[in-house]
Amino acid sequence: MIAILGSGAFGTALAISLAQNGGDILLWAQDPDHVAEMRNTRQNTRRLPGPRLPDNILLTDDIGALPADIPALISVPMQTLRGFLDDHGATLGARPFVACCKGIDLETHLGPAETIARHAPDALPAILTGPSFATDIATGLPTALTLACADDDAGKTLQQSLTTPNLRIYRSTDTTGAELGGALKNVIAIACGASIGLGLGDSARAALMTRGFAEMQRLALKRGARPETLMGLSGFGDLALTCTSELSRNYRHGLALGRGEDVDPMITVEGVATARAVTEWAAELAIDMPICATVADLCAGHLSAAEALQTLLSRPLKEE
Ligand SMILES: NC(=O)C1=CN([C@@H]2O[C@H](COP(=O)(O)OP(=O)(O)OC[C@H]3O[C@@H](n4cnc5c(N)ncnc54)[C@H](O)[C@@H]3O)[C@@H](O)[C@H]2O)C=CC1
Ligand SMILES: O=C(CO)COP(=O)(O)O
C-alpha cells in the first residue's frame, strides 16, 4: 500500500497510475466534502476532471488512519508543505516522505526534500520530480521521473514501488540537484511564456531556456548539486517540457503576462513564489540570476513584460 497525501491534479494522477500495480492506494484530501465527492463520482472533478479513479484507490480525510511504515507521497503546493509537515509530521511518524512538489519555500529558502528533513525529522526524505503533466500520467501516456533519496537502499525500494507500466522511475541520491532543477525550471518557464506572449518568437525562447539553464546550474552547483542531475530528467528534461508546452501552468502564466492578460490567482503556479525566493537567496549567496530576478519583478508587477525584456537585453555584454 502507498499513501498519497494531497488530492490535487498531480497526487490524483499518481494514484491512478500506481493503482495499475494492483495494491491499494490511499488518497487523502483535507476537505471531507472533496473526499465524499470523489467517492461518489469516482473522479476528481475539482482538480483532474475526466480520468476515472479505479476501485483500489481508497479515499480518506483521516490522515491518522495511515498504516505504519507505508511510504507517504506528499503532493501539496510547495508554499503549503512546511505547514502541512508542522501539522501532520508527528502523526505520520517515521516512514519515507516523498515530496511531489516543486519550488523553494519563501520564508526558509529550502526546497521540498530539505523542508522534510528540517520539519519532519523522523521521516526519510525523498523527492519525485521530472517532466510529467498530471493529465499525461493519468491517461496512461509514457512518462519518466527521477526519484531522489540520499539513502540509496531506501531509494531502490521506492523506485520499485513507484514504477508502473507507463511511469518509468530513474533513481538518484542527489536530492539537492533534483529539488533545485524542478523548482527553478518553473521560473524559466514563466520567462519563456512571457517572451512568446510578447510575440518574440522561438529563437528568443531558445535563448531564454539556455541562459536560464545556466542560472539553474549556477545556483544548484553552488548548493552542492551534481552536474549530471541538472542534465537529467529533473533539470534539463523538465525545463524542456515546461518551457515549450501550453499544458504548463507556469508557461501559461508567463504567456498571459506577456499578452497583458489577467491571471487567475486560484491556479497553482509554483514559479511565482519560487522566483522571489530564489532571487532573495541568490542575493545572499552573491550569485547572478538575472532571468529569475526579472521574472520575480514581472510577477510582482514591478515591471511590465516589455520592460522585463528590455532589462535583460540591456545587460552588459559578457562571455558565454
Ligand atoms: N499538475 C501537474 O502536472 C504536476 C504538478 N507537480 C507539482 O505538484 C504540486 C501540486 O500540484 P498540483 O497537484 O498540480 O496542484 P493543484 O492545484 O491541482 O492541487 C493542489 C491541492 O493541494 C491541496 N492543498 C493545498 N494545501 C494543502 C494542505 N496544507 N494540506 C492538504 N492539501 C492541501 C489543495 O486542496 C489541492 O487539492 C506542485 O508543486 C506542482 O509543481 C509536479 C508535476 C506535475
Ligand atoms: O511540473 C510540471 C511538469 O513537469 C507541471 O508544470 P506546471 O506546474 O507548470 O503545470
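Mentor: Let us begin with a definition: Ala, Val, Leu, Ile, Met, Phe, Trp, Tyr, Cys and Pro count as nonpolar, Asp, Glu, Lys and Arg as charged, and the others, Gly among them, as polar. This is a predicted model, in which local features need pLDDT of at least 70 and side-chain atom pairs count only at pLDDT 80 or more, while totals for chains, interfaces and linings use all residues. Residues are numbered from 1 along each chain as its sequence is written, chains are lettered from A and ligands numbered from 1 in the order in which they are written, and side-chain values use heavy atoms, with hydrogens and water left out.

Trainee: What percentage of the area of ligand 2 does the protein bury?

Mentor: A polar contact is a pair of N or O atoms within 3.5 Å. An oxygen atom of ligand 2 lies 2.7 Å from a side-chain N or O atom of Ser248, and an oxygen atom of the ligand is 2.7 Å from such an atom of Asn250. Accessible areas come from the Shrake-Rupley method with a 1.4 Å probe. Taken alone, ligand 2 exposes 310 Å², and the share that the protein buries is 92%.

Trainee: Which residues come nearest to ligand 1?

Mentor: A polar side-chain atom of Arg249 lies 2.8 Å from an oxygen atom of ligand 1. Of the 20 residues around this ligand, those that come nearest are Arg47, Ala134, Arg249, Thr268 and Glu270.

Trainee: From which domains does the shell around ligand 1 draw at least three residues each?

Mentor: Domain bounds come from an automatic or database domain assignment. By class, this shell has 10 nonpolar, six polar and four charged residues. The domains that each give at least three residues to it are domain 1 (2–173) and domain 2 (183–314).

How values were computed. A polar contact is a pair of N or O atoms within 3.5 Å; within protein, one must be able to donate a hydrogen and the other to accept it, and residues adjacent in sequence count only if both atoms are side-chain atoms. A residue is near a molecule or strand if one of its heavy atoms lies within 4 Å of it.
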